[in-house]
Amino acid sequence: MAQNMVLLLFVIYRLISTVGLTVDPTALLRLNPGGQLSTDPSDLDSASWDFGGLSRAAPPAAVVRPSSAADVSAVLRASHASARAFPVSARGHGHSINGQARAPGGVVVDMHHGVASRAARGIPVFSPSLGGYYVDVWGGDLWIDVLNWTLSNGGLAPKSWTDYLYLTVGGTLSNAGISGQAFHHGPQISNVYELDVVTGKGDMVTCSEKENPELFFGVLGGLGQFGIITRARIALEPAPQRVRWIRVLYSNFTAFTKDQEHLISLHGAAHQSQRFDYVEGFVIVDEGLINNWRSSFFSPRNPVKISSLGDNNNNNNGGIFYCLEMTRNYDESTAGSIDQEVEALLKELEFIPTSVFTTDLPYVDFLDRVHKAELKLRAKGLWEVAHPWLNLFVPASQIADFDRGVFAGILGNKTTGPILIYPMNKHKWDERSSVVTPDEEVFYLVALLRSALPDSGESTQSLEYLSKQNQQILDFCDESGIEVKQYLPHYRTQSDWARHFGPKWERFLRLKSEFDPKFILGTGQGIFQSISSISSSSFSS
Ligand code: FAD
């Protein structure tokens, strides 16, 4: 079936390139080769929807479920060769917020729901030249499937994670892929050795730091603009067996961030026992939140009452608490020393003494922790709601101003969803990638992961209220000179995009004209809309 589709698309491509036909995606579909191409309204509807659920756009004309990189190439070649190129976007698992994986009127390449995954997955191997293990996986694989695969093939696991594993490899590599391990290992884009990419011209290109490095680094954090990742070579390590997971509370923001920054400064510790493996944190602007959906850590039968913590410190921050979250990985062979090692690390911190919460669990259960919360939310009908999320990178030198203005200011004492805050080391990020971070060695992720709950009866939980509040936060940063960079960025004008990319903008434009000169790819990101409308009319004239 896959071969049929490649053949069919190839014939159309030859037709178009020979006689210069204008083709739109539905023309491809009139010759439907089978299950790989769909115009089923429910498929089109699903492909125009995402986790954010903030808006609906025009649906694509077709959804393609590729069975190989050649299928992806055939779609892109067909569009590129057309006198009037049509948009093509890769869709990972559709967990974007602002329609980034859409292709209104074009073709969505559904990377996850094809049959390519298992066939494209390699057996993990050890590379003496890299000095470590790696695995080759399909770009549409979910990280949970990569984990299960590497565990069952040698007891290995990727080194760098996202908090949630039901995201695709290609989707997170197009952004960065961050979690509490990033301070030590860097983001996921720092833990990939090689990619196969299909460019906007339909060329299938293998790239790495040494081979086609411009495309390699351009695609990493490149928001799907230069090509579709069909294969990624991911760095692995032997998977630990268990995790000691610790949470401690602070009422003093300065003490909290000082301790977080101290912990991430240990990234280069000579021995693993001298640092934690994961460092994150979250803000508790209202007490209800300490037992919220991501706090699967605490048993519901034993909820935490902040009033019971006996905090004698001066809490000048309007009743806000900050939770520092750390883990140490260990195996049976190191189980004997884990208590002392954790105790030694905790001794260096200044949290509220009565606020230490500890649990112990298998490594896989820790990595997959958010999925458990997802299942609970789904059962209550609270997963498929609108998610006006805002993710920001904030320079460490300005995080206290951000705290005063946002956590203790704009948010009031209400929020509907977790607020993550944790620092990372910039030198663990490769400046050659497309992602942009603040211009300081230490910067924080602040993730306002809020859900709109229109039926709650509270205006502060409506989509409109939360969206306005996000804008207020961005305006506040602008006016106060807090030089934030959006993570999973979303802008409406090209001047905002140019400002976002800063010194990287020029290279971004150059790579676009080299690898996707007809502006076919990733139109859902809204970066090149204005240019592409000019270009597509000039291309077709
Ligand atoms: P999609 O949303 O489908 O696509 C995202 C973008 O990437 C689109 O522009 C798309 O065109 C492009 N794309 C997709 N696949 C490819 C490919 N193969 N090649 C080229 N371009 C491609 N992020 C973190 O970093 N850390 C977290 O801890 C984290 N937790 C999350 C938890 C939840 C519950 C959710 C909903 C999101 C979370 N994210 C996190 C954000 C996540 O990284 C992004 O949503 C990302 O886009 C991955 O989602 P996806 O695979 O569904 O990609």
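**View 1. Asn212 is partly exposed, with a relative accessible area of 39%.** The cut-offs here are under 20% relative accessible area for buried and over 50% for exposed, with partly exposed in between (1.4 Å probe, protein chains only). The model is a predicted one: local features need pLDDT of at least 70, side-chain atom pairs count only at pLDDT 80 or more, and totals for chains, interfaces and linings use all residues. Residues are numbered from 1 along each chain as its sequence is written, and side-chain values use heavy atoms, with hydrogens and water left out. Asn212 sits in the loop that runs between strand S9 (204-208) and helix H9 (213-219); helices (H or I, at least four residues) and strands (E, at least two) are DSSP runs numbered from the N terminus. Its phi is positive, about 50°, even though Asn212 is not a glycine. Most residues other than glycine have a negative phi.

**View 2. Leu488 is another non-glycine residue with a positive phi, here about 55°.** Look for Leu488 in the loop between strand S18 (485-486) and helix H16 (494-501). With a relative accessible area of 30%, Leu488 is partly exposed.

**View 3. Val115 is exposed, at 58% relative accessibility.** This residue belongs to the loop between strand S4 (107-110) and helix H5 (116-120). Leaving out residues up to four places away in sequence, Val115 touches Pro66 and Ser67, where contact means heavy atoms within 4.5 Å. Gln36 is 79 residues away from Val115 along the chain, yet their C-alpha atoms are separated by 9.3 Å.

**View 4. Strands S8 and S9 form a hairpin with 4 residues between them.** Strand S8 (residues 192-199) runs antiparallel to S9, and 5 bridges join the two; strands count as paired if DSSP finds at least two bridges between them. Leu195 stands opposite Cys207 of S9. In the hairpin, Gly202 takes a positive phi near 90°.

**View 5. Leu195 turns up again in the largest nonpolar core, a set of 79 residues.** Such a core is made of buried Ala, Val, Leu, Ile, Met, Phe, Trp, Tyr and Cys residues joined through side-chain atoms within 4.5 Å. Leu173, Ile178, Leu195 and Met424 touch the most other members. Helix H6 (residues 143-152) supplies the largest share of this core, 5 residues. Beyond its neighbours within four places in sequence, Leu173 has contacts that include Val192, Leu195, Val219, Leu220 and Ile229.

**View 6. The ligand is surrounded by 32 residues.** From the side chain of Tyr487, an N or O atom is 2.6 Å from an oxygen atom of the ligand. A polar side-chain atom of Gln525 is 2.9 Å from a ligand oxygen, while Gly94 uses a backbone N or O atom, 3.0 Å from a ligand oxygen. On its own the ligand exposes 950 Å², and the protein buries 96% of that; accessible areas come from the Shrake-Rupley method with a 1.4 Å probe, and for residues only the protein chains shown count as cover.

**View 7. Four strands make an open sheet in the order S1-S2-S4-S3, with mixed pairing.** Strand S1 (37-38) and strand S3 (88-91) are at the edges with a single partner strand each, so one side of each lacks a neighbour in the sheet. S4 pairs in the parallel sense with strand S2 (residues 62-64), over 3 bridges. Val64 has Val109 of S4 as its bridge partner.

**View 8. An open sheet of 8 strands shows antiparallel pairing, in the order S14-S11-S13-S12-S16-S17-S15-S18.** At the edges stand strand S14 (357-362) and S18, each with a single partner strand, so one side of each is left without a neighbour in the sheet. Strand S11 (residues 242-250) and S14 run antiparallel, joined by 6 bridges. Across that pair, Arg244 has Asp360 of S14 as its bridge partner.

Conventions:
A residue is near a molecule or strand if one of its heavy atoms lies within 4 Å of it. A polar contact is a pair of N or O atoms within 3.5 Å; within protein, one must be able to donate a hydrogen and the other to accept it, and residues adjacent in sequence count only if both atoms are side-chain atoms.
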